[in-house]
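Dear colleague,

I am passing on a structure that I would like you to look through when you have time. My notes on it follow below the entry.

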Amino acid sequence: QEDKLKYLDQIHKFDLSKKTELRKSVPEKLNILLQNRTLNSIQVQLINDLVQLFKLLEDNPNMDEDIQKKILFALDYFSNVDDEIPDSIPVFGLLDDLAVVKWIVNGLKGTRQKKVLS
């Protein structure tokens, strides 16, 4: 819960000008990850969620700034190799990335459902 509050604050303050940088760094890091021919289930889920977020961002350039900040925060977290659990730690290094990305994906799914139901 403490981490979520910290991340929500970071999302609120997220600089949208990082979008251009992340459009380049995320595919580069994904390509490095995809070069591993034996992906585990964590890596596969992370890749699928990141592609979904990246595509959502690319396909909707005029989306709400709060939603953009959430997506960009998740992409930025993934791009950072020295986050809560450094990516250099085999197997475990991507667990925090998956948790953050999945949290954002699930939150956005909830937002979309609420808008459809309203």
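What radius of gyration would a compact globule of 118 residues have, and what does the chain have? The globule would come near 13 Å and the chain has 14 Å, so the chain agrees with the expectation for a compact globule. Please keep in mind that this is a predicted model. Along its principal axes, the C-alpha trace spans about 45 × 30 × 30 Å.

As to the fold, the secondary structure consists of five helices and zero strands, which gives the pattern α-α-α-α-α when the chain is read along the sequence. Among contacts in the chain with a separation of 6 or more, 67% are between residues 24 or more positions apart.

Turning to burial and surface, 36% of the 118 residues are buried, while the accessible surface of the chain comes to about 7500 Å², with 55% of that area belonging to carbon and sulfur atoms.

On confidence, the chain averages a pLDDT of 90, and 93% of the residues score at least 70. The mean is highest in helix α4 (residues 65-79), at 96, and lowest in helix α5 (residues 95-117), at 80.

With best regards

How values were computed
Residues numbered from 1 in each chain as written. Predicted model: local features only at pLDDT ≥ 70, side-chain atom pairs only at ≥ 80, totals over all residues. Heavy atoms only, no water. Helix = DSSP H or I, 4+ residues; strand = E, 2+ residues; numbered from the N terminus. Rg over C-alpha atoms; globule rule 2.2 N^0.38 Å. Buried < 20%, exposed > 50% of the residue type's maximum accessible area, 1.4 Å probe, protein only. Contact = heavy atoms within 4.5 Å. Areas by Shrake-Rupley, 256 points an atom, 1.4 Å probe, with all protein chains shown as cover. pLDDT = per-residue confidence, 0-100.
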